[in-house]
Amino acid sequence: MTRILIIEDEPRIAAFLEKGLQSNGFVSTLVANGQDGVNMALEGEFDLIILDLGLPGKDGLTVLEEIRGQGMQVPVIILTARDDIRDKVAGFENGADDYVTKPFRFEELLVRIRARLRVNVASVSGKSDLTLCQGEVMLDLRTRKIKVANRPVELSAREFTMAEVFLRHPGQVVSREQLLNSVWGYDYDPGSNIVDVYVGYLRKKLGSQFIETVRGMGYRWRV
Ligand code: CA
């Protein structure tokens with residue numbers, strides 16, 4: 001489940017965004033002013049934020065600055081009517097990841113959302129966490145190599161990304177949809193059993209003890 005926070009005060013655009021996100025399998029939360037946006041961003045566990053710049057109370061750039069000031073690394077896509085280079089520069093300086101100018105087609109935004117989510121999963125998020133460790137399993141995110149009990153294991157790019165998703169959520173149920181979205185992107189047929197096939201590959205290569213099946217829900221990395 002991918003959760004997206006929408007910070008947008010214009011009801012027509014907010015409704016358009018919510019409808020589009022929902023029909024693409026995202027879960028969205030909407031707030032209509034800057035202060036609520038900051039509070040919600042800091043409280044909620046969001047995978048991405050869509051942020052309007054012209055907001056009542058506290059404008060979008062201030063919202064962004066405050067969110068980043070709290071150390072939040074969540075990807076932020078700025079949405080604005082102002083097609084102004086100064087806003088763009090300011091937005092990126094304040095830590096925006098991407099930019100969409102109104103008016104826009106939903107598809108344009110969707111492409112950027114998917115790109116940001118993929119980058120976020122695949123990237124070395126932030127500074128220090130260059131390795132992910134759980135028990136005997138160690139992922140090196142820089143070299144994209146994995147070791148089990150200090151023994152190197154060869155994984156394909158997709159297998160590695162899937163292992164990374166599990167190690168970022170140890171002990172939590174990860175749904176098939178979440179894995180599909182994180183590893184293959186949203187263009188993949190949700191009815192496919194590709195996730196189960198790849199979980200099978202990982203079990204074979206890493207050992208069957210790490211990933212358990214949670215019936216009707218997905219999979220969980222045992223801690
Ligand atoms: Ca606005």
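## Sheet and strands

Two strands pair if DSSP finds at least two bridges between them. Helices (H or I, at least four residues) and strands (E, at least two) are DSSP runs, numbered from the N terminus. In this predicted model, local features need pLDDT of at least 70 and side-chain atom pairs count only at pLDDT 80 or more, while totals for chains, interfaces and linings use all residues. Residues are numbered from 1 along each chain as its sequence is written, and side-chain values use heavy atoms, with hydrogens and water left out.

Arg-3 has Val-27 as its bridge partner in S2. S1 and S2 pair in the parallel sense over five bridges. They belong to an open sheet of five strands, ordered S2-S1-S3-S4-S5, with parallel pairing. Strand S2 (27-31) and strand S5 (98-101) stand at the edges with a single partner strand each, so one side of each has no neighbour in the sheet. On average, neighbouring strands of this sheet are turned by 20° against each other, direction ignored.

Helix H3 (residues 60-69) lies across S1, S3 and strand S4 (76-80). Helix H3 runs at about 150° to S3. Axes here are lines fitted to C-alpha atoms, for helices over the stretch in contact, and angles run from 0 to 180 degrees between N-to-C directions. Contact means heavy atoms within 4.5 Å.

## Calcium site

Which residues coordinate the calcium ion? The donors are Asp-9 (OD), Asp-52 (OD) and Gly-54 (O), at 2.2 to 2.3 Å. Donors are N, O and S atoms within 2.8 Å of the metal (3.2 Å for Na, K and Ca); water is not among the atoms, so sites may look incomplete. Along the chain the donors follow the spacing D-x42-D-x1-G.

Asp-9 lies in the loop between strand S1 (3-7) and H1, and Asp-52 in strand S3 (residues 48-52), so the pair ties together parts that are 43 residues apart in sequence. Asp-52 is buried, at 3% relative accessible area. Asp-9 is partly exposed, at 32%. Buried means under 20% relative accessible area, exposed over 50%, partly exposed in between (1.4 Å probe, protein chains only).

## Aromatic rings

Rings of Phe, Tyr and Trp (its six-membered ring) pair if their centres lie within 6.5 Å; planes under 30 degrees apart count as stacked, over 60 as edge-to-face and the rest as tilted. The count is four aromatic pairs. Phe-16 and Phe-106 form an edge-to-face pair, 5.9 Å centre to centre with 90° between the planes. This pair links distant parts of the chain: Phe-16 is in helix H1 (residues 11-23) and Phe-106 in helix H5 (residues 106-122), 90 residues apart. Phe-16 is partly exposed at 37% relative accessibility, whereas Phe-106 is buried at 11%.

Phe-210 and Trp-221 are stacked, because their ring centres are 5.3 Å apart and their planes at 10°. Phe-210 is buried at 9% relative accessibility, and Trp-221 is buried at 1%. Ring pairs link Phe-166, Phe-210 and Trp-221 into a cluster.

Arg-3 also meets a ring: it lies over the face of Phe-46, at 4.8 Å from the ring centre. A charge sits over a ring if NZ of Lys or CZ of Arg is within 6 Å of the ring centre and within 35 degrees of the ring normal.

## Around Leu-155

Where is Leu-155 found? Leu-155 is in the loop between strand S9 (151-153) and helix H6 (157-168). Leu-155 is buried, at 17% relative accessibility.

Not counting residues up to four places away in sequence, Leu-155 touches Ile-146, Phe-160, Ala-163, Leu-202, Lys-205 and Leu-206. Leu-155 and Lys-205 are 50 residues apart in sequence but 7.8 Å apart in space, C-alpha to C-alpha.
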